[in-house]
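This report looks at the overall make-up of one protein chain and then at the positions that a database record marks in it. Please keep the sequence and the structure at hand while reading.

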Amino acid sequence: MTTPALLPLSGRRIPTLAPGSSSFPHHRATLRLSEKFILLLILSAFITLCFGAFFFLPDSSKHKRFDLGLEDVLIPHIDSGREGRHPGQQIIHGQGGQDAHRHREEEESLRNKIRADHERALEEAKEKLKKSREELRAEIQTEKNKVAQDLKKKDSKQLPPVPMPKLVGIHDGDPGDPDVKEKRDKIREMMKHAWDNYRQYGWGHNELKPLAKKGHSTNIFGNSQMGATIVDALDTLYIMGLHDEFKDGQEWIEQNLDFSVNAEVSVFEVNIRFIGGLLAAYYLSGQEVFKIKAVQLAEKLLPAFNTPTGIPWAMVNLKSGVGRNWGWASAGSSILAEFGTLHMEFVHLTYLTGDPAYYNKVMHIRKLLQKMDRPNGLYPNYLNPRTGRWGQHHTSVGGLGDSFYEYLLKAWLMSDKTDNEARTIYDDAIEAIEKHLIRKSNGGLTFIGEWKNGHLERKMGHLTCFAGGMFALGADGSPGDKAGHYLQLGAEIAHTCHESYDRTVLKLGPEAFKFDSGLEAVAVRQNEKYYILRPEVIETYWYMWRFTHDPKYRQWGWEAAQAIDKYCRVSGGFSGIKDVYSSTPAYDDVQQSFFLAETLKYLYLLFSSDDLLPFENWVFNTEAHPLPILHLGNTSLTGSQPLR
């Protein structure tokens, strides 16, 4: 997800950035360009004349020096094995003399060619100078178009044809019940309000400032204007049937989405939002442009893996390929949730391109982690990509750790339940988490704490609330007879997270809440009382609804939707709130891209029938982008090892 600039970066999402754009009058730019072009031609002609005068003067001494140089170069090749003889003797007599004569002829021929080329260049320059300014402008534009076309051809290399996975349930999802349908229509209206205002005030920027009504910037996309909200929202627009809006987004991507920018971006965020969003848009709509753009961007991320261990850097410059880690991350470490949340997208990239590099990168990470010792069976959040050693022993199912566990389960699901290694690793990790991190409060609320250097911190983050849905999703296939246990655990986490919402003034959940000193499911610190339009609690409601059809999950989801619409809606979109315990909340003035990608999508799905994006055919990435299950069975994944 996304967190504001001053807040700790989280595993499942981090904020967005969109720098200001610069524009200038095209006619003035072209005029300056054509004048420079004429001056350049005149200067070129002058230099050519000077060079010709110097080079072709009939100066015999110059020729002698040139010839002597040639002879010196030839010496080793003529007789490098003879000693005590002057080199010149090798050239004057026999074969050496013939070689020298031949080289003089070649030299004369070269001079003639240079002279002819310069004369032709002078003639062309004279012709250019005779042309009008308009003709020169036209020629310059033609050349620019040619260069642009050549670059386009280079970028849009042909991808191999692969069978489209079975796509089921990408339209409609009418819930039947008029009351539920009315709620679903309300969610669609909220999406349209968020999108229309971004379209009007932030178009092309990564996110929107809905109060200031302008684009918003954060550090995860560098100094770029990559339209993160457009890419993130596409599949939500599609499944909601907002096809005109989808078309607008597609046109912007076709014409403006450029990855050859000098911008340092978060590998994790770009993967889950951009590559995930583009792949989902491709599968849903069948439009090739999304697949092509996803592959172009993925190629730009590969240099991040150039580390001694193969564990990628957190950030990479899209232009230079130079990578580095966040300065705050435990002695230069990479973060578990970031390098562990690439598998789904990278497997699909290998499937679509036939290039095993993507699959091999993520499998290498898995193999490396399996070889390492894990304290108490837990995975610390930090790993040094240079040394391959764990950093600070801090384990969390919230920020910094969360989506690593999510992707182990979803790797198994996406492989049509053939990637048994991923399932085994997931089961072992969840067993350790349940043993060391999951506790019940005095008031009977089940929560997931954080392990820090041998101590359990009795605090749970909003990000951790996704785990209720994960436990429910992973219940089927659990070892032994634990399916019912994990479904019940998911329900308990959902209840705890609902309490964190219900115990606030605004009925919206805080960023983090504690379970000690008599306080339960309540934020204590001021910097933990904010709500930035996060989706995790609603995500768990939706999964629990799909698996149980208990009406309370729709009721809880509707409560959250109403609170968002009442307290976060402003004239220019939707904004996060700084204090959910205040009856007069202050806005943070950011409409996060994940609000459109996740929060509104999960609400819409909660009030849709189960045949819209059914679990038998789709798996959602951590940014809620649906990717189809790959029914590959025992077959190889295009050039890589078999998935099983």
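## Burial and overall make-up

A residue counts as buried when its relative accessible area is under 20%. By that cut-off, 55% of the 644 residues of the protein chain are buried in this predicted model.

The protein chain has 20 helices and 19 strands.

## Positions annotated in UniProt

An unreviewed UniProt entry places the feature "active site" at Glu269, Asp402, Glu511 and Glu536; such an annotation may be inferred rather than shown by experiment. Two of the positions named in that record, Glu511 and Glu536, are described below.

## Glu511

Glu511 is found in a loop, which runs between helix H17 (483-502) and strand E14 (512-516). Because its relative accessible area is 11%, and the cut-off for burial is under 20%, Glu511 counts as buried.

## Glu536

Glu536 has its place in helix H18, which covers residues 536-548. With a relative accessibility of 0%, Glu536 is therefore counted as buried. The side chain of Glu536 is also joined to the side chain of His462 by a polar contact of 3.0 Å.

How values were computed
Residues numbered from 1 in each chain as written. Predicted model: local features only at pLDDT ≥ 70, side-chain atom pairs only at ≥ 80, totals over all residues. Heavy atoms only, no water. Helix = DSSP H or I, 4+ residues; strand = E, 2+ residues; numbered from the N terminus. Buried < 20%, exposed > 50% of the residue type's maximum accessible area, 1.4 Å probe, protein only. Polar contact = N/O pair within 3.5 Å; in protein donor to acceptor, adjacent residues only side chain to side chain.
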